[in-house]
Amino acid sequence: MKNLFILALMFVGLNIVNARCSILVDGYIVHIKSDIINDDVTVHCRSKDDDLGTHVLRSPNLEFEWSFCDNLGGLSTLFYCHFWWKNFEQTFDVFNHKLSQWCYENKREGNTCNWEIKDDGFYLYENHTTWQRLFTWNPNPRKLI
């Protein structure tokens with residue numbers, strides 16, 4: 001029983017060192033920036049547990065970000081977003097286990113997934129070295145009418 005108490009104290013102490021995320025999990029930031037200057041881009045992001053709401057990216061507020069702690073084991077955290085711009089839309093995961101490997105910087109709370117929205121698609125800053133286009137815009141059938 002004494003060993004269990006000491007173990008509990010150590011765990012609490014380690015969590016105090018990093019108040020945001022447990023020492024056992026990594027923290028992440030998803031940062032979305034629109035490079036589409038003269039038009040609004042609407043974004044609605046969510047996970048299984050959290051609805052982050054709808055955000056309109058327009059000058060001068062062309063950015064949206066949030067932070068979170070990965071699940072223990074890092075295999076099940078998933079955030080996805082739905083994007084609308086003019087007559088186009090797209091929905092995809094902006095964070096999942098595979099993408100987390102592209103965003104990892106070995107920082108307890110500073111692993112950042114940087115996304116850029118451009119008129120030809122959606123780019124992820126892969127391993128903080130190069131921008132990779134992962135998705136293109138799809139026609140929005142509701143807006144074409």
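**Entry 1: the chain**

Helices (H or I, at least four residues) and strands (E, at least two) are DSSP runs here, numbered from the N terminus. With that rule I read the protein chain along its sequence as α-β-β-β-β-β-β-α-β-β-β-β. I note two helices and ten strands in it.

A reminder to myself: this is a predicted model, where local features need pLDDT of at least 70 and side-chain atom pairs count only at pLDDT 80 or more, while totals for chains, interfaces and linings use all residues. Residues are numbered from 1 along each chain as its sequence is written, and side-chain values use heavy atoms, with hydrogens and water left out.

I looked up burial next, where buried means under 20% relative accessible area, exposed over 50%, and partly exposed in between (1.4 Å probe, protein chains only). Of the 145 residues in the protein chain, 38% are buried. The chain exposes about 8800 Å², and carbon and sulfur atoms supply 55% of that area; accessible areas come from the Shrake-Rupley method with a 1.4 Å probe, and for residues only the protein chains shown count as cover.

I also checked contacts (heavy atoms within 4.5 Å). Among those with a separation of 6 or more, 54% are between residues 24 or more positions apart.

In what order do the strands of the open sheet run? I find five strands in the order 4-1-7-8-9, with mixed pairing. Two strands count as paired if DSSP finds at least two bridges between them. At the edges sit strand 4 (63-69) and strand 9 (130-135), each pairing on one side only. Direction ignored, neighbouring strands of this sheet are turned by 25 degrees against each other on average; the axes are lines fitted to C-alpha atoms, for helices over the stretch in contact, and angles run from 0 to 180 degrees between N-to-C directions.

Strand 1 meets strand 4 in the antiparallel sense over seven bridges, and Ile-32 has Phe-64 as its bridge partner in strand 4. With strand 7, strand 1 pairs in the parallel sense over seven bridges; there Tyr-28 has Asn-111 as its bridge partner. Strand 1 is mostly covered, with seven of its eight residues buried.

Tyr-125 has Trp-131 as its bridge partner in strand 9.

**Entry 2: the nonpolar core**

A nonpolar core here is a set of buried Ala, Val, Leu, Ile, Met, Phe, Trp, Tyr and Cys residues joined through side-chain atoms within 4.5 Å. The largest one has 27 residues, and those with the most contacts inside it are Val-30, Ile-32, Trp-66, Phe-83, Val-94, Trp-115 and Ile-117. I see two or more residues coming from each of strand 1, strand 2, strand 4, strand 5 (79-85), strand 6 (88-95), helix 2 (97-103), strand 7 and strand 8. Strand 5 gives the most, with four residues.

Leaving aside neighbours within four places in sequence, its contacts include Tyr-28, Val-30, Ile-32, Cys-45, Leu-52, Phe-79 and Val-94.

**Entry 3: salt bridges**

How many salt bridges does the rule give? The count comes to seven, taking a salt bridge as a side-chain nitrogen of Lys or Arg within 4 Å of a carboxyl oxygen of Asp or Glu.

I opened Lys-118 and Asp-35, whose side chains meet at 4.0 Å, N to O. Lys-118 lies in strand 7 (residues 111-118) and Asp-35 in the loop between strand 1 (27-34) and strand 2 (41-46), so this pair ties together parts that are 83 residues apart in sequence. Lys-118 is partly exposed at 29% relative accessibility, and Asp-35 is partly exposed at 27%.

Next came Asp-40 with Arg-58, their closest N and O atoms 2.9 Å apart. Asp-40 lies in the loop between strand 1 and strand 2, and Arg-58 in the loop between strand 3 (51-57) and strand 4, so the pair links parts 18 residues apart in sequence. Asp-40 is partly exposed at 36%, as is Arg-58 at 42%.

My last pair was Arg-46 and Asp-51, with closest N and O atoms 3.3 Å apart. Salt bridges that share partners also join Lys-33, Asp-35, Glu-116 and Lys-118 into one network.
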